[in-house]
Amino acid sequence: MVSQAIQPKRNRIIQWLAADTMEGIRRQRALLGYLFIAPSIIGLLVFIIGPMIATFGLSFYKWNVFRPPEFVNFENFSRLFSDPRVFTAFRNTFLLVVMTVVMLEIIALALALSVHRLASRPLSYFFRTSYFLPVLLSGAAVAVTLGYMFHRDFGVINYYLGLLGIPKISWLTDSNVVLWSVSLTTVWRNLGFTFIIYLGGVSSLPTEILEAAQVDGAYGWRRLKSVVLPLLSPTILFATVTDIIKMLQFFDEPFIMTRGGPGDASRTVVMLMYENAFGNLAFGYGSAIALVLFAVILLVTGIQFALSRRWVFYS
Amino acid sequence: MTTTSTIRTAMRSTTWLNRLFRALPRRPGEWLRLLFLFVIAILTLMPLVWVVSTSLRQPIESFSVPPEWIPVDMDFSNYNEVFERIPFWSQMTNSFIITIAVVAGQIVTASLAGYAFARLRFPGRNFLFWLVLATMMIPGQATIIPVFILISRGLGINDTLWALIIPSLSTAFGIFLLRQYFLQIPGDFEEAAMIDGANQWQIFRQIYFPLASPGLAILAVLTFNAKWNDYFTPLVFMNTKDRFPITLGIVDLKGYMATGSISVVLAGIVLSTIPVIIIYIFGQRYLIEGLMMGGIKG
């Protein structure tokens, strides 16, 4: 009985999708399109877009799991802007970003320009591999390793500096030095990544323009400043933006090396968010911190692209 | 016979020397550049050499300076101790299960969606693709709190491997990457296949999917590296040591050895890095190409 009732309906659907007409193929492909994107779209909605909206919503609530959420309006944000620890964490993060990104971009660009001009292929392969190897390691492994090397009394770094006559430096326990240690650690791990991006940019420079510049008498520093760097500016923008976004989310290295110490001297924004949300179960306040960080990331990226109109040269 | 071979060897060595000599820099600027490259290479390689050589030192000497750069009497006991201190095998297995499940899942979801956005026409396609691109801007930390609530209270799967797999199965970056690959493949293949009687699924699975394999390899290698090395997400979701991935295990091991031998911790780091090194050896082309293109992960 039931199957007989369904039968004509099924036939109609099959006819509607029939492959022997152009219309049918078009409909098939459209249906297939929705089927194909469904797993991805559902995943992104449930685990990225939905949670992003939820973070926004949660930042107006006070919630610690044990009691039902309570709407507190802008209380989390007013607390955030008057919390000296938030200020410290943002200051530390900005300092880390500036120190790390400046070192990364200058060293990586210099390395890329130098490796590119090497005549010997095996030598160039050796250098590329050496710079890239640390990229393979996890932030956790790097933080543990460099943490040992930076040890004040037993660390390798102070031992060799001692041979040069430099007195012992408290890399991880002096609040004036600790940001440098964390930053150098991150530079070490990420240098290969930035280097590879610059090497890609340098290798695709148009040789005709470089040769024309040499014919016109532009050599050395002059050639670098007025020909090579302008041609590389899109790559520089891309690498800098990616590095800044990555470094604004600083977590593994300071968390493992110093736990944010001494005091709050190396506490970053993400660490503060983690401790508030998952240590104190202050989900609302943690969400507010996460939201401000996200806004900062968007703002910094926007400013960079706006400024880039002045100096980035697209040929 | 002997003389000819001697001469031949001598000739070969001179050509080799000649080539080396010709490759040597001539101007002082070039020497300076080479010096710079070597100094940075030494600085990047030094910690790696230190990790391996110290992991082979006698436990009692592990923290004494000067470091022994070339281990003379190698001691593998540190490696044995890694297995005694932490459930090393379970943690490595966990990392493998998580990483492989996520790589496989992303390959499936991203290739389907990438193909649809590149080659199929349906209403709302541009808006949905724009939505996918927009999610690439959202950092993981901005969504971790609601995801944690969903995983632990909604689905009740926190502290299981599922918590580290399910949220990572879809990837905006992967869709974007594979769409680029599918766009590069000519559309003529499709018409030819249709004339031969292939249906839409066969056209995707048997023609376009294999042709996109360089893109699939890039996605696989990048995801493997990022997921294997992830520390933040497991830190949020996992509590039981037997279910830790190895990144948490290493930091755990460091905690145990706070007063013991650091050689054991370094031995653990060496062991936990072997899989990514193997992936690098076989897939370095894809890894480097992927990092150059995307730069979002890692």
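Trainee: How many residue pairs are in polar contact between chain A and chain B?

Mentor: This is a predicted model, in which local features need pLDDT of at least 70 and side-chain atom pairs count only at pLDDT 80 or more, while totals for chains, interfaces and linings use all residues. Residues are numbered from 1 along each chain as its sequence is written, chains are lettered from A and ligands numbered from 1 in the order in which they are written, and side-chain values use heavy atoms, with hydrogens and water left out. A polar contact is a pair of N or O atoms within 3.5 Å, where within protein one must be able to donate a hydrogen and the other to accept it, and residues adjacent in sequence count only if both atoms are side-chain atoms. With both residues at pLDDT 80 or more, the count between chain A and chain B is 14 residue pairs.

Trainee: Which element gives the most to the side of chain A that touches chain B?

Mentor: Helices (H or I, at least four residues) and strands (E, at least two) are taken as DSSP runs, numbered from the N terminus. With 23 residues, the element that gives the most to that side of chain A is helix H2 (residues 22-58).

Trainee: Which side chains meet in a salt bridge between chain A and chain B?

Mentor: The rule asks for a side-chain nitrogen of Lys or Arg within 4 Å of a carboxyl oxygen of Asp or Glu, and across this interface it finds 1 salt bridge. At 2.1 Å, N to O, the pair is A:Arg29 and B:Glu190.

Trainee: What area do chain A and chain B bury between them?

Mentor: Buried area is the accessible area (1.4 Å probe) that two parts lose on being put together, summed over both. Contact (heavy atoms within 4.5 Å) joins 86 residues of chain A to 92 residues of chain B. With 78% of it on carbon and sulfur atoms, the area buried between the two chains is about 8000 Å².

Trainee: Within chain B, what area do domain 1 and domain 2 bury between them?

Mentor: The bounds, which come from an automatic or database domain assignment, divide chain B into domain 1 (21-81) and domain 2 (87-293), whose C-alpha centres lie 33 Å apart. With 77% of it on carbon and sulfur atoms, the buried area is about 930 Å².
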